[in-house]
Amino acid sequence: MSDTRRRVKVYTLNEDRQWEDRGTGHVSCSYVDTLKDTSLTVTAETDGSLLLESKINPNTAYQKQQDTLIVWSEAETYDLALSFQEKAGCDEIWEKICQVQGKDPSVEITQDPIDESEEERFEEIPETSHLVELPPCEMSRLEEIAELVTSVLSSPIRREKLALALMSTGYMKKLLQLFRVCEDSDHREELHHLYEIVRGVLFLNKATLFELMFSDDCIMDVVGCLEYDPALVQPKRHREFLTKTAKFKEVIPITDSDLRQKIHQTYRVQYIQDIILPTPSVFEENFLSTLTSFIFFNKVEIVSMLQEDEKFLTEVFAQLTDEATEENKRRELVNFFKEFCAFSQTLQPQNRDAFFKTLANLGILPALEIVMGMDDVQVKAAATDIFSYLVEFSPSMVREFVMQEPQQADDDVLLINVVIKQMICDSDPELGGAVQLMGLLRTLIDPENMLAPANKTEKGEFLSFFYKNCMHVLTAPLLAITTEESADLTEGSTKVNPVCPDNFQTAQLLALILELLTFCVEHHTYHIKIYIMNKDLLRRVLTLMNSKHTFLALCVLRFMRRIIGLKDEYYNRYIMRGNLFEPVINALLDNGSRYNLLNSAIIELFEFIRVEDIKSLIAHIVDNFYKALESIEYVQTFKGLKGRYDQEKDRQQSRGFSRYRRDGRSFEEDKDMWLNEDEEEEEEEEEDTEADLDKCKTDYGKYMENEKVKECQDKENQPKRTSTGSFKFTISHSSGAANSSKPPPSASSNSSKPATPTSSQTPRTGLVGLVDYPDDDEDEDEKEESDEEEQSPRKRPRLGL
């Protein structure tokens, strides 16, 4: 049907007293055979399905609101509303409803709603007393009027009658005129009565009264009455704020006067609800439901009117991305879009889809790419909020946009890389913005929300794109900090690390990056595996186990635990050939006999290996570390590992074949065979890897050096961890050392210490701190314990020096 007069949206009121959009269609009022009566019928404009079929009951109270709304209740907890596109269509259907019920179409409500508890008493009331009798609108009667308004709030029928009386006699306008007289004469007691009257009238919860009270002629007088709260010594200055302080900024001139008036009205009514009116009590919580609906429908109308004005939005986008636009102007434009998107959250899914599709067609994503790369902190923060709305609405839309970018852009200006760099360079000491951006990145790379049925290639294509063009930007700080050059702080060295990995803010950033990488391990099995192997990423990450920041060590352990949790033999061989259990076992031995989360998390990792019977790792642990672990008897984990190892050894020997060969020469042969499987691929990646690493170190050092150098200098003379528990920042061997066929030199001649492995040995990496189980939150109370325990001497032997 092309008749726009009959075009409506159907709304229902949910349990939370919020209007839900049920769809858009065309309404008709006709006789329905199945219901044996005249009914309102709405058919969907998309597929012709039936959205609504409602019999016009002679006793149902229908209300016409704001010229384009018809609202009624079909049950005690089921309210309906029809929102018409045109006033003419609303008037036409309203006349038919009134005709069925035998009412005059000039009324705003067809029936007086009857409260069941008062129904019997209401039948005894004579017809002549249809309206409440109001006292004369005089200054001397204001106290009496206030008492009357307050007394009817407990009775739905009396509230209804009072509302009709106030409207039919023009009483409200007389009261507001009286307010001006009282204020000019400074009659404080009468002004207090007017406060009670206006507050009580708002609690009558009637849309027809709201339309009058919130009109341009009356709303400021309503605000004025609400300034004189008797509980306050001095009246508030709400009108002064609304007229002088709160300035309406038109980033682009709004030519539609109705739209401008609707924006002003909505802002002021929202101010009344949020700022002026006190928080409703339990008994008053439903008194303002119609006020909430009034604001809701206003916002829907504003968004719709702006959305349909493509000329206006096109001009906003043009100025937003124009380099010649002044910074203040651009800030206002971004804030406008932020509020615009916030308003859109009041829309229901169908309307919100149309809204964001309109923004996408106009170029919101290219505009954000430009704006988020600017230096203005406020602009970037507002742009981030807008980006979050878009990602929440449609991650696929954002992914599709970024995959099309490399055709005309290099990696540095890709939208996702702009987001990653903003996360890395967040100036907030608590990294609040970085946390928000990390959540958005996680949503974008989550395979669970990628469109498998409609587009089977999205997952593969986007992940390949991400790992090729974006992963090196995300891991830049991590790779820069964990190089041998940046972490080479040996005892007696005067060299100061310009990046300062033990800076609190940097540690927070690394923790966020590790959290995202842990997510990748769990959900991107193939792509992240190749990346970890090529970058020797786990070895680099494990060097952060000796950071003084406990939460960073937690993230390191979680990362390794996720890898081991996959029970992937490629990962297992990578861990064994790199001897990557050593930093974890050193941390356990450094922790001594203290019972804390670090202890529990490490033991849980080994307990998982025992319970899942991961044979290759069990053999590696027992062969290389059991002498250092056999004295730990407060748990049976390590004895259990030895038991598993012995059982498997006996079983293999009984078959005449030993799977677990502990001969060093044979073990090296196994490693060489595995390494040769992807030797060619590693050679191809080697040059790119080194280039990426140099770029990571250079870029990351630039933006961190200025902010961190002072703190690093302060830490230069800090005592380093020694064998008695003080701090020492060391680094594991590089992947090149691990892959070398030449064994490293002996770590120590001290015969009292357990012998260290002769292959892929790593220096000591110690940390005393607290660790939680995977996915658990860190207990803040443990921080004090951790600080105290750092001073406690190590009680167990440690692998390596």
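Which helix does Lys529 lie in? Lys529 sits in helix 25, residues 525–535. This is a predicted model, where local features need pLDDT of at least 70, side-chain atom pairs count only at pLDDT 80 or more, and totals for chains, interfaces and linings use all residues. Residues are numbered from 1 along each chain as its sequence is written, and side-chain values use heavy atoms, leaving out hydrogens and water. Helices (H or I, at least four residues) and strands (E, at least two) are DSSP runs, numbered from the N terminus.

**Around Lys529**
- Lys529 counts as buried because its relative accessibility is 18%; buried means under 20% relative accessible area, exposed over 50%, and partly exposed in between, with a 1.4 Å probe and protein chains only.
- Setting aside neighbours within four places in sequence, Lys529 is in contact with His524, Asp568, Tyr570 and Tyr571 (contact means heavy atoms within 4.5 Å).

**Strands 1 and 7**
- Strand 7, residues 78–84, is mostly covered, with six of its seven residues buried.
- Strand 1 (residues 7–13) runs antiparallel to strand 7, and five bridges join them; two strands pair if DSSP finds at least two bridges between them.

**Cysteines**
- Searching the whole structure turns up zero disulfides, a disulfide being a pair of cysteine sulfur atoms within 2.5 Å.
- The closest cysteine sulfur to that of Cys137 is in Cys182, 9.3 Å away, so the two are too far apart for a bond.
- Cys137 is partly exposed, at 21% relative accessible area, whereas Cys341 counts as buried at 0% relative accessibility.
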